[in-house]
Amino acid sequence: MSGRLLKKVLKEHEESKHQNHHDEEDEDEEEEEDLGGRSSSINPFDLLNDGDEDPESEKETEIDDEEKKKDEEADTVQPPSKNKSKKKKKKKNKETRANVVVKAETTFDETLEALSLGTNSNQVEVQETKPSPSSSRPVLEIDPKYLNLENELRRMYGSKVVRSLESSSQAGGPGPSRQVRGGGRRGGVHHITKTVLITPMENWARWDRSFSMEFLETKDGHNYFRYTHSSSYEQAQRAFQAAQNLHDLNGVASVLINNPYHIDSLITMADYFKFAGDHQMSADAIGKCLYGLERAWHPMFTPFNGTSRLKYSHDANKPFFTALFAHMRNMDRRGCHRSALEVCKLLLSLDTDNPVGALFCVDYFALRAEEYAWLEEFSEEYQSENSLWLFPNFAYSLAIARVYLEKTEESSLDSSKSSSLDLMMQALKLHPTVLKKLVDKVPLKDQAWGKMLKHYYFRSDQSKNPSLDHLISIYVERNYLIWRLPDVQKLLKSAAELVIKQLDDKESDAEDFLSVKEEAFPAKHNEYSHLSIHDFSDSVPTLPPDNLQNFVADPRMGGGEQVAAGGGGGGHHQQQQAPPVSDVANRNPLAVFLESMLPWVNLGEGDDDADHQPDNNG
């Protein structure tokens, strides 16, 4: 037993020395390679296999180590045994077998390493030579860090200010949070899952998995997906439609009690809170929509690199676009234009048909976020039926972007690109009706503008093309704030004066640009009538409290006071009875108009809503 124990101790001692000596040899080899210049350059892919050595040098090093160990063991290790010569013979035989094993292992490792290098090389070549599925992909790649609203708020105002606002908001509403957490104890501790599109709140309900996303097909290098609903979600959808047909907002809120992530109900409540002036609750409802929609994403759905498509033509996909567009507007309202730009890029990437009009506000967010170079790159690379330079928003916004690029690139300005003055003159010739609309909307009160508008080319604010007039109205409503900057006004004034001078000298230019517009926008009807000008406006509509009393909100929504209809046998006699919906004689015309935009309002059905009583179950 003592002989076996001695062998075990010697073996452990040899292995430790072998490891230490091998590390020293590796360091010496690295120094020799650096000094001797064995390799003139370092392959960056070698860094992926850190610790791998050249097979030949590794084999030689291991053999040299074995030979050195033989000599060292003869000098340093003196085992106290009478059978010394026999043990040495056994040890030599054992080391000989070890050398054979080392050589065999080295050969096998060398083969594997060669195969591995070959495989990696092929993969790299494929990735480098694989064509991009779309030339518009690079400009529509999305940086997820800019999607976080809190990150941009911290960059603008500092972390301390954001933390103080968050703490004050949490201190102001502990009741609902405790109520939600208390209601979820039966299912154990409730941990909210973090998402990219939205930062969820701790008091939100657990994701109920009532809908999911399915993969449809791969076409032209893009993966197509569609949302699908479970049977419980379809049942909630039928209840929502019944409440909507009855103009019963309380019924819509009741759907959310058992189905907290029913998207259509959340969007309806967001609209209600927006019209009621509670923008925080409206944004919270939209946030819950996006949280549930992101939790349902398919594992292959990668919307941030531009390879995933979610067609708006599928009815189940439409709420995602509606929620994203509303989220983008909420970001803009809070001044987070960089985050709004990323959401706008996401909308354009998911469906290149531009179903919600993201193409007609992406230029505004790019200018507000000072992404001037990106806007030029986007206008050159984005694939569209018409050149983006022909749309009124891009014609003017690219001229404005060039103004600021000229200031930052004076020393290295590309002479091949048109100047900001030339671009602005081209925009005025192509879309002259914009000038009169801007003078009225901004407003521009200098007398010089009045003289310009007397010229025949700028006299009218309407063209004979309905599609173009609609796009111009959207552009002025969306971008008029930018035209209050002195530099932009100066450019517009100079360009307008030069255009008037050129047209007086050569009237044929007006006819040339008119033919270009007719070719770009040939339709005689409004192709963009599905886009509401109000959706691109900075103004936030609100209704007076007395006009909202026919809408009933459930107090368990987590924020709002209960708004009940007057009259009837309820306990709300202290509130003034709202006038009948159909009676609009003595009401504010603007309020009636805004109220008619709500999906659950029918101005022709009189007192249907007034007879409906709130649901106070639970």
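The model is predicted, so to speak of local features takes pLDDT of at least 70, side-chain atom pairs count only at pLDDT 80 or more, and totals for chains, interfaces and linings use all residues. Residues are numbered from 1 along each chain as its sequence is written, and side-chain values use heavy atoms, with hydrogens and water left out.

**Exercise 1.** Work out how α16 and α17 are oriented to each other.

Solution. Start with the helices (DSSP runs of H or I, at least four residues, numbered from the N terminus). Helix α16 covers residues 392–408 and helix α17 residues 420–430; they pack at about 170 degrees, axes 8 Å apart. Axes here are lines fitted to C-alpha atoms over the stretch in contact, and angles run from 0 to 180 degrees between N-to-C directions. Angles over 145 degrees count as roughly antiparallel, so α16 and α17 are roughly antiparallel.

Next, look at who touches whom, where contact means heavy atoms within 4.5 Å. Among the α16 residues that meet α17 are Tyr396 and Arg402, and the α17 side includes Met424 and Leu428.

**Exercise 2.** Is Lys288 buried or exposed?

Solution. Find Lys288 in helix α11, residues 279–295. Its relative accessibility is 18%, so Lys288 counts as buried (under 20% relative accessible area; exposed is over 50%, with a 1.4 Å probe and protein chains only). Leaving aside neighbours within four places in sequence, Lys288 contacts Trp204, Tyr261 and Leu266.

**Exercise 3.** Find how far Ala448 is from Lys493 in space.

Solution. Ala448 sits in helix α19, residues 447–453. Ala448 and Lys493 are 45 residues apart in sequence, and 8.4 Å apart in space, C-alpha to C-alpha.

Conventions. Helix = DSSP H or I, 4+ residues; strand = E, 2+ residues; numbered from the N terminus. Parallel < 35°, antiparallel > 145°, perpendicular 65-115°, else oblique.
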